[in-house]
Amino acid sequence: PFIVLGTFALWFGWYGFNPGSTLSMHDQGAAHTAGLVAVNTTLSPCIAGLVVFLLRASVLPPVKLDVGSFCNGILAGLVSITAGCAFVKPWEAVFIGFIGAFVYVGASVLLRKLKIDDVVGAISAHLVCGIWGTLAVGIFGSGSLVTQFIGIIAIGAFVFVSSLIVWMILKLI
């Protein structure tokens, strides 16, 4: 029950984050954009959650109805659509969520095979689906795929170096 409650809280908060990022609701253009963003923030996680649930229930061993994976699928859809939520059409948001579900499941299976401990699926849902969502802006949105890829590399390098510095300082302390 707490997993579902936490997922609901995250999803609800995402509506403040994504549509709220348009920064204005009083002019017609921003209101239209906020509406599009809200629709895309609904469609992508819906399809991603359902696809992950169906994959876990029918294809991946052991076959079971897994509410935790369903909730992580919803989160994978939310993360996948966030970068491009204002720049894609609703049908593209459905497709981004659909692919995001497979990206999440594939990353989860790969991490398990590599024996990397990702207890709550954070690497699969946030890192890998975030990369997919950023690339999706270059594929479906108004961005360049090359620019999106360069951004992923730059952010990854920054996070790696800054994290390394923080962890080294903590180790010394």
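**Close-up views of a predicted model**

**View 1. Phe12 counts as exposed, at a relative accessibility of 59%.** Exposed stands for over 50% relative accessible area, buried for under 20% and partly exposed for the range in between, with a 1.4 Å probe and protein chains only. The model is a predicted one, in which local features need pLDDT of at least 70 and side-chain atom pairs count only at pLDDT 80 or more, while totals for chains, interfaces and linings use all residues. Residues are numbered from 1 along each chain as its sequence is written, and side-chain values use heavy atoms, with hydrogens and water left out. Phe8 likewise counts as exposed, with 55% relative accessibility. Both residues belong to helix H1 (residues 2–17), and because they are four residues apart there, about one helical turn separates Phe8 from Phe12.

**View 2. Phe53 and Phe70 form an edge-to-face aromatic pair.** Their ring centres are 5.7 Å apart and the planes make an angle of 75°; rings of Phe, Tyr and Trp (its six-membered ring) pair if their centres lie within 6.5 Å, and planes under 30 degrees apart count as stacked, over 60 as edge-to-face and the rest as tilted. The pair links distant parts of the chain, as Phe53 lies in helix H2 (residues 28–58) and Phe70 in helix H3 (residues 67–82), 17 residues apart. Phe53 is partly exposed at 23% relative accessibility, and Phe70 is also partly exposed, with a relative accessible area of 26%.

**View 3. The structure holds four aromatic pairs, one of which joins Phe8 and Phe12.** The rings of Phe8 and Phe12 are stacked, with 6.3 Å from centre to centre and 25° between the planes.

**View 4. Tyr104 is placed in helix H4 (residues 90–113).** With a relative accessible area of 6%, Tyr104 is buried. When neighbours within four places in sequence are left aside, Tyr104 is in contact (heavy atoms within 4.5 Å) with Val52, Ser69, Asn72, Ala76, Gly121, Ser124, Ala125 and Cys129. Val166, by comparison, lies 62 residues from Tyr104 along the chain, and the C-alpha atoms of these two residues are separated by 28 Å.

View 5. Of its 173 residues, 36% count as buried. Among the contacts in the chain with a separation of 6 or more, 64% come from residues 24 or more positions apart. The C-alpha atoms fill a box of roughly 50 × 45 × 30 Å along the principal axes.

Terms used
Helix = DSSP H or I, 4+ residues; strand = E, 2+ residues; numbered from the N terminus.
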